[in-house]
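I am opening my notebook on a model that is predicted, and I will write down what I looked up, one topic at a time.

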Amino acid sequence: MKTRITELLGIEEPVIQGGMAWVAEYHLAAAVSEAGGLGIIGAASAPPEVVREQIRKVKERTSRPFGVNVMLMNPNAPEVARVIVEEQVPVVTTGAGNPAKFMSLWKEAGVKVIPVVASVAMAKLMVRGGADAVVAEGMESGGHIGSTTTMALVPQVADAIDAPVIAAGGIADGRGMAAAFMLGAEAVQMGTRFVAAKESIVHANYKEKLIKSKDIDSEITGSSTGHPIRVIRNKMSREYLKMEKEGATLDELEQLTLGSLRKAVMDGDVVNGSLMAGQIAGMIQDELSCKEIITSIVSEAERLMNRK
């Protein structure tokens, strides 16, 4: 399946893996890239030298294109930006801010820059600043979310900019991919679906919780702070929502969630950990390899789009 995104990034299939903190490390990124998509290392708040090590480990496992997701609010972002250039990473995706101050550094080095956006205004700003494409991410996605759904956001972004659009949020199979293409996207980004991949290092407890989830099992925490996050409901999320309702301070809420994502991903604590996942969690029924995931979604999308 060829689109402007596959040509831009030099990948076989228009499937990008989300840059999820703690989850998107070198095993998963390399496996997605080897399977024909674009694997992404989630730099999150990792020190620059850890990011460098992750990059080199991906290169040991695949010669295909991959990327790094930079969380722009990270105090280490300037150093990580330089590591990306030094290690000749071909693609960068960005979140939690505006990459303008790094754009010239990356563009001069030939890095393709793809910001994640949650509004038309942000998409326009990113393209004016030199972005090669954007990820239009709807609120169905897991983790940090915006306020507009994928179905409403993607066509409006596609109409507003000339650069190619990657759809994210609420996509787990070929039906979602075909729908995204009908809305004007030229690739899809998936996060939650890859959490349950065989190559994902996510703890088995987390994967099991994801696979057993139903359509109504996700909820949004953090709305009162201005930083809403979609998770699978558990004891920790219920306590967080209770505290929000009672008017807890930001510091009190942060104390509750301190290290909670690591607890879930690495330790398998599905009671007190933060189980970030999108609304498609109820669609995930099994643990598949990255190759199986990408092959099945693309073949199903092609079949649906080629119906007469």
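Helix H3. I looked up which residues of H3 are hidden from the surface, and I found that Pro48, Val51, Arg52, Gln54, Ile55 and Val58 are buried. Looking down the axis of H3, I see that these buried residues fall within an arc of 160°, so they line one face of the helix. On the other side of H3, I noted that Glu49 and Glu60 are exposed. I then asked what the buried residues of H3 pack against, and the partners are helix H2 (26–34), strand S2 (39–42), strand S3 (66–71) and helix H4 (77–86). I also checked the length of H3, which runs over residues 48–61: at 1.5 Å a residue its 14 residues should span 20 Å, and this agrees with its end C-alpha atoms, which are 20 Å apart.

Aromatic rings. I searched for aromatic pairs and found that the structure holds one. It is formed by phenylalanine 102 and tryptophan 106, whose rings are 5.5 Å apart centre to centre with 45° between the planes, and this makes the pair tilted. Both residues belong to helix H5 (residues 100–108), and because they are four residues apart there, about one helical turn separates them. I noted as well that phenylalanine 102 and tryptophan 106 are buried.

A pocket. I turned to the second largest pocket, which holds about 180 Å³ of space. I recorded that 13 residues line this pocket, and that Ala172, Asp173, Arg193, Met283 and Leu288 lie nearest its centre. Helix H14 (residues 290–305) gives the most to this lining, with four residues.

Note on methods:
Residues numbered from 1 in each chain as written. Predicted model: local features only at pLDDT ≥ 70, side-chain atom pairs only at ≥ 80, totals over all residues. Heavy atoms only, no water. Phe/Tyr/Trp six-rings, centres within 6.5 Å; stacked < 30°, edge-to-face > 60°. Helix = DSSP H or I, 4+ residues; strand = E, 2+ residues; numbered from the N terminus. Buried < 20%, exposed > 50% of the residue type's maximum accessible area, 1.4 Å probe, protein only. Expected span 1.5 Å × (residues − 1). Arc of directions from axis to C-beta. Contact = heavy atoms within 4.5 Å. 1 Å grid on protein atoms, 1.4 Å probe; cavity = no way out; pocket = protein on both sides within 12 Å on 5 of 7 lines; lining within 4 Å. Points joined across faces, edges and corners; volume = space filled by probe spheres on them.
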